[in-house]
Amino acid sequence: MRKLLTLATALSASALASAAFVNQSQAEELTLCWAAWDPANALVELSKDFTAESGTDMKFEFVPWTSYADRFLNELNSQGSLCDLIIGDSQWIGGSAENGHYVKLNDFFEAEGISMDDFLEPTVYGYSTWPKGTPNYWALPAMGDALGWVYRKDWFEKPELQAEFKEKYGRDLAPPKTWTELKDIAEFFQGRDVDGKTVYGAAIFTERGSEGITMGVTAALYAWGFEYETEPGTYAMEGAVNSADAVAALEFYKELYDCCTPPGYSDAYMQEGLDAFKSGQVAMMMNWFAFWPGMYKDENVGGDKIGFFVNPQEKVPASTLGGQGISVVAYSDKQDTALEYIKWFAKPEVQKKWAALGGVSTAKSVLLDPDFPNSAPYAADFLVAMGQVKDFWQEPAFAELMQAMQKRVHDYVVADQGTAQEALDKLIEDWTETFEDEGKL
């Protein structure tokens, strides 16, 4: 009898083990696609909580920013099944909605009690809605971001430099409030010897291949009051895209490039700027707020050595929008599970932990907390920037629109071809042709 019981017990244990193996092999698995950078690493850490709560394993497909758009737009356009969830750029929202790449989230949000009112309005508008200005949601705001600036505070505070600057410009050497002031500071530092090393004024975006120089140029254009259309929704660009203020802003950006950037800085974007700043080459750098946590922790140039400032205005306060929303890919066969991840990610307690790990939440429960402005040296500036953001076209043809602007402004600013007026006039011609092909004109 004991042998029979032992045998029965063994068989039962074997059956349980087999069942466990089957359950484990059938465990749901989601793949989330994004860019390869520090916040993505924070998301991997955060998502361990989702796996613990749901039993769903998370895989991640991260690619460098320089190939991020090409890689994942090709994946979406080919209706590929690699990504169940995707954190896609704000400019993708129009094409992804109209071409059926993303699952519309309105019914899901309503059923689960997820309110877009719980997230900062500019990020809902920029990351989630299409058509613009309508309550049609294709993403949950995931990663808030805007263009900002970092500077060498320790250099600015050197008494001898403060005295020389004040004698020359009649004001204190301090973070600039206008682009004109920024250029003065950049010129002041260009080619100067600081701590026994030749340094340069500013690292700005000049990259041609993806979106870099457009993101940099628009930081200036928006500060001069640039608009894409004379009236929103009309695609009427003459007198807006090539206005006198737009021409002046583009000319200014070229002057800044010519006078005050490091040698050979003709095709630079995020990483090149970080490298220039971390190696002590430049006094100031434009880049995205998302990099500031890592920059502040940098052993060589972080901590008390640096300070941060919002994109300067010239005629109006404005900042270039960065950041992304998270969407469920329509070609995934695991949409229900992917939606569960969205539901989990939207929870206030998850958003709070997301921010603590190094992500940038746009949940009001995080950003409007009275303690948030003092949570980091750049936190208060981030709130200002996110309240004044402007974005590039979010049209379905945005990639073609972006390529045209990349070419026109790079040809003028870096390659020294033609005038600013000619560059913007030609840009209108390019964009007009695109919108005519799209049936918008």
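**Backbone, rings, disulfides and a pocket**

Gln79 is found in the loop that runs between α3 and β3, where helices (H or I, at least four residues) and strands (E, at least two) are DSSP runs numbered from the N terminus. The model is a predicted one, in which local features need pLDDT of at least 70 and side-chain atom pairs count only at pLDDT 80 or more, whereas totals for chains, interfaces and linings use all residues. Residues are numbered from 1 along each chain as its sequence is written, and side-chain values rest on heavy atoms, with hydrogens and water left out.

Gln79 has a phi near 55 degrees, a positive value in a residue other than glycine. With a relative accessibility of 52%, Gln79 counts as exposed; the term stands for over 50% relative accessible area, buried for under 20%, and partly exposed for values in between (1.4 Å probe, protein chains only). Asp416 likewise has a positive phi, of about 65 degrees, although it is not a glycine. Asp416 belongs to the loop between α18 (398-413) and α19 (420-437), and its relative accessibility of 56% places it in the exposed class. A further backbone feature is the cis peptide bond between Trp130 and Pro131, whose omega is about -5 degrees. Pro131 is part of the loop that connects α6 (121-127) with β4 (140-152).

The aromatic side chains come next. A pair of aromatic rings is described by the distance of the centres and the angle of the planes. Because the two residues are 3 apart in helix α3 (residues 65-77), about one helical turn separates Trp65 from Tyr68. Both Trp65 and Tyr68 are buried. Trp179 and Tyr253 make a tilted pair, at 6.5 Å centre to centre and with 45 degrees between the planes. This pair links distant parts of the chain, with Trp179 in helix α9 (residues 179-189) and Tyr253 in helix α11 (residues 244-260), 74 residues apart. Trp179 and Tyr253 are also buried.

Two tyrosine rings can be examined for a lysine over the face. Lys132 lies over the face of Tyr125, 4.9 Å from the ring centre, and Lys390 lies over the face of Tyr222, 5.6 Å from the ring centre. The criterion is that NZ of Lys or CZ of Arg is within 6 Å of the ring centre and within 35 degrees of the ring normal.

The structure holds 2 disulfides, a disulfide being a pair of cysteine sulfur atoms within 2.5 Å. With bonded cysteines counted along the chain, the pattern is 1-2, 3-4. Cys33 is joined to Cys83, with an S to S distance of 2.0 Å. The torsion about the S-S bond of Cys33 and Cys83 is about -95 degrees, and the disulfide is therefore left-handed. Cys33 lies in strand β1 (residues 29-35) and Cys83 in the loop between α3 and β3 (85-89), so the pair ties together parts that are 50 residues apart in sequence. Both Cys33 and Cys83 are buried.

The other disulfide is formed by Cys259 and Cys260, with their sulfur atoms 2.0 Å apart. A torsion of about -95 degrees about the S-S bond of Cys259 and Cys260 makes this disulfide left-handed. Cys259 counts as partly exposed, at 22% relative accessibility, whereas Cys260, at 0%, counts as buried.

The last topic is the largest pocket, which has a volume of about 740 Å³. A pocket is an open set of points, on a 1 Å grid over the protein atoms alone, where a 1.4 Å probe fits, with protein on both sides within 12 Å along at least five of seven lines; lining residues have an atom within 4 Å of a point. Points are joined across faces, edges and corners, and the volume is the space filled by probe spheres set on them. The lining of the largest pocket comprises 30 residues, of which Ala355, Ala356, Gly359, Phe372 and Tyr378 lie nearest its centre. At least two lining residues each come from α2 (38-54), α13 (292-297), α15 (348-357), α16 (364-367) and α17 (379-386). The most is given by α15, with 5 residues.

Note on methods:
Phe/Tyr/Trp six-rings, centres within 6.5 Å; stacked < 30°, edge-to-face > 60°.
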